[in-house]
Amino acid sequence: MKKFLMATAATALMSGAAFADAHAKEVKIGVILGFTGPLESITPAMGAGAELAMNEVSESGALLDGAKVTSIRGDSTCIDAGAATSAAERLITSDQVSAIMGADCSGVTGAILQNAARPNGVVMISPSATSPGLSTAEDDGLFFRTAPSDARQGVIMTEILQDRGVNEVALTYTNNDYGKGLADAFQAAFEEAGGTVTISTSHEDGKADYSAEVGALASAGGEVLVVAGYVDQGGSGIIRSALDTGAFDTFYVPDGMVGEKLNENFGAEMNGSFGAYPGTDSEGAALFVEMAKGAGFDGTGAFAPESYDAAALIMLAMQAAGSMDSADYKDHVMNVANAPGEKIYPGELAKALELIKNGEEVDYEGASAVELIGPGESAGNYQEIEFADGVYSTIKYR
Amino acid sequence: MDLLNAFVTLSNFVLIPAIAYGSQLALGALGVTLIYGILRFSNFAHGDTMAFGTMVTILFTWLFQSWGLSLGPVPTALLALPFGILGCMALLLFTDRVVYKFYREQKAKPVILVIVSLGVMFIMNGLVRFIIGPDDQRFSDGERFIVSVRTFREMTGLEEGLAIKTTQGITVITAVIVVAALFWFLNRTRTGKSMRAYSDNEDLALLSGINPERVVMITWLIVAALATVAGVLYGLDKSFKPFTYFQLLLPIFASAIVGGLGSPLGAIAGGFTIAFSEVMVTYAWKKVAGYALPESLAPDGLAQLLSTDYKFAVSFVILLIVLLFRPTGLFAGKSV
């Protein structure tokens, strides 16, 4: 009996030591995305994208002398700032994450930044928050995004519409930071280019009936209806109602509206409609799609490549600083993302980590041709899509 | 001037949607008003009762669809509707037996019953989400349109199109049938008359030998039928999501109160008043005015009174005005 006790005590001690050892070399990264809520159909691929980069680095054992990277997921809900903040607070204080990959929607991203990330001094890289307001938000140098600001998307939308000879549009947006930001940016760009926005009206998500909104839009008229909403929410409701009443038959869908759901919900009814969402034809994008296929998720999903890149940038910056402390590595994010240095594509994270360790410069290109400008946001590449035969496909890169 | 096009536009975006929405609200408000008139409390669980009945109907619709049963151009849900009503009846009788009966025997004040119904609401809310989930469910099938925009344009050669969805047609027809049946029942049958007597004066009704438990039971059965029909029509026409049914409670109560709580005729008038004002006040009249007025008078702006964001506010402003000037509602129901 005595021996048995001794043995168990010894095992406990040893395993305790082993745990402590592993703990020292564990980097935890919080993945905060709207796993429930209006973006729930695209967030699984985004989360998988970020975790793909983390697994790649863990397996290489090259980060900070063999640190393991673990992902801890939190739900931003996309719309509920309170829930998102407490999810972030939990990850930071009780799970002790060293960085946050997220959040997804602009409103909750701003809330997490101001209420959880800044007070605790944790770096945050969002793959998909696109509100122009975040460019000027106070961030203590902690906030970056691999998605472009919607000020850029407004210009792209204007170019696409005018290339197709459209000069008069009606505009509806989801009533939140993302929708309002994009709608304002687009309206400014479109009117500056000589176009007319006949009406700009908001819609609330989660309603069953949008006939009043569509009635107002139809009355104002326009060749195309621009729907700056969410595909899982009011955006689809607006399109449904507009099609049913014959108010519009051509739609422009920006990033939040592009998803498989559109094909499912509308099929051939959307033929002739078009839109654009972030993406590039760089070799990194193709590489990422292949890797994603191997990992069992869809690498072409909106913001999945950006998520991979956001996670990768966090880890490369840590390596460059030789520390997993946000205060140390936050100044290295821009360096690893931009030239000069050797170009790094998806699947080459181990190589990049080695290069950095040897004191060489890297220029992270990644899956979305990352180029961080201004206050740490992507310069922005978009892919133009068009609906034909009931499905959308990419026709051009901008 | 082109009055025909003006009328077609108006019908397409205002009249038809408002008539369909009004019918759905009226059916919902009838249920609320019956409970208020006979059981003497405001039933906050009504929206979720509708959701429950609709959920049972949807489950049966899916069952029938999997068997390959269909009604051709008419949605299969109509075939499943009687089963939904039965399911809803069972639920309401059950809640009455285990919850409301207790308070009735205590002669509890109406305000206590209101709070009790709030509790019942949350339980039903959870029950529906537990069984079918919080997401959108589409269950309409069959022909989508009676008249689609394209065929209307081809038929008439007009510039403007007009769409009448099958579900809108069914909504109006069903509402007319249900309301006619209800009024016939209340005014012509013995049981209906005993219900009205009980509503007018409980004590006198008891003295004349009316069995109160029977009246209560029949009221719940009728309410279950009304709620399920209203819920299914709304779900067919729009989409089914438990949360939107919970939200429907507000316009339904507004309808019932505007019309006069306890007055079935008022519930119908209230439903249409609320539906029409919600749609018309927030409608941009530019296009209609452009057709109807001579060119010199046509507006440049959108001619929109209020942005569509204020849709819900409209029903409450009307509610306030009615309560201020006619506290018993348009059709002189009971004061709240």
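# A tour of chains A and B

Begin in chain A by selecting A:L39, which sits in the loop between β1 (26-33) and α2 (43-60). The model on screen is a predicted one. Is A:L39 buried or exposed? With 27 other C-beta atoms within 10 Å, against a threshold of 20 or more, A:L39 counts as buried. Next, display the contacts of A:L39, leaving aside its neighbours within four places in sequence: A:G34, A:C78, A:D104, A:C105, A:Y230 and A:D232.

Now colour chain A by its domain assignment. Domain 1 takes 26-148 + 282-378, and domain 2 takes 151-280 + 381-397. The C-alpha centres of domain 1 and domain 2 of chain A are 28 Å apart. Where they meet, 23 residues of domain 1 of chain A are in contact with 23 residues of domain 2 of chain A. On the side of domain 1 that touches domain 2, select α4 (106-120) and β5 (143-148) of chain A, the elements that give two or more residues. Of these, α4(A) gives the most, with three residues. Colouring this side of domain 1 by class shows twelve nonpolar, nine polar and two charged residues.

**Where chain A touches chain B**

How many residues does each chain bring to the contact? Chain A supplies 19 residues and chain B supplies 28 residues. On the side of chain A that touches chain B, select β7 (196-203) and α7 (211-220) of chain A, the elements that give two or more residues. The largest share of that side, eight residues, belongs to α7(A). By class, the side of chain A that touches chain B holds six nonpolar, nine polar and four charged residues.

**Chain B as a whole**

Chain B contains 13 helices and two strands. Its radius of gyration is 21 Å, close to the 20 Å that the globule rule gives for 336 residues, so chain B is as compact as a globular protein of that length. Along its principal axes, the C-alpha trace of chain B spans about 70 × 55 × 35 Å. Of the 336 residues in chain B, 47% count as buried. Among contacts in chain B between residues at least 6 apart in sequence, 76% join residues at least 24 apart.

Select helix α1 (residues 3-39) of chain B and look along its axis. Where does α1 of chain B bend? The bend, of about 50°, is at B:S11. Most of α1(B) is covered, with 29 of its 37 residues buried. Just after α1(B), select B:R40, which takes a positive phi of about 65°.

**Annotated spans of chain B**

Finally, highlight the spans that the unreviewed UniProt entry annotates as "transmembrane region" in chain B: residues 12-39, 51-71, 77-99, 111-132, 168-186, 215-236, 248-276 and 312-333. Two of them can be inspected end to end. In residues 77-99 of chain B, the end C-alpha atoms lie 31 Å apart, and the span is 100% helix and 0% strand. In residues 168-186 of chain B, the corresponding distance is 27 Å, again with 100% helix and 0% strand.

How values were computed: Residues numbered from 1 in each chain as written. Chains lettered and ligands numbered in written order. Predicted model: local features only at pLDDT ≥ 70, side-chain atom pairs only at ≥ 80, totals over all residues. Contact = placed C-beta atoms within 7 Å. Helix = DSSP H or I, 4+ residues; strand = E, 2+ residues; numbered from the N terminus. Nonpolar A, V, L, I, M, F, W, Y, C, P; charged D, E, K, R; others polar. UniProt positions renumbered as here; feature names shortened; annotations may be inferred. Bend = angle between axes of the 7 residues up to and from the residue. Buried ≥ 20, exposed ≤ 12 C-beta atoms within 10 Å, placed from the backbone. Rg over C-alpha atoms; globule rule 2.2 N^0.38 Å. Domains from an automatic or database assignment.
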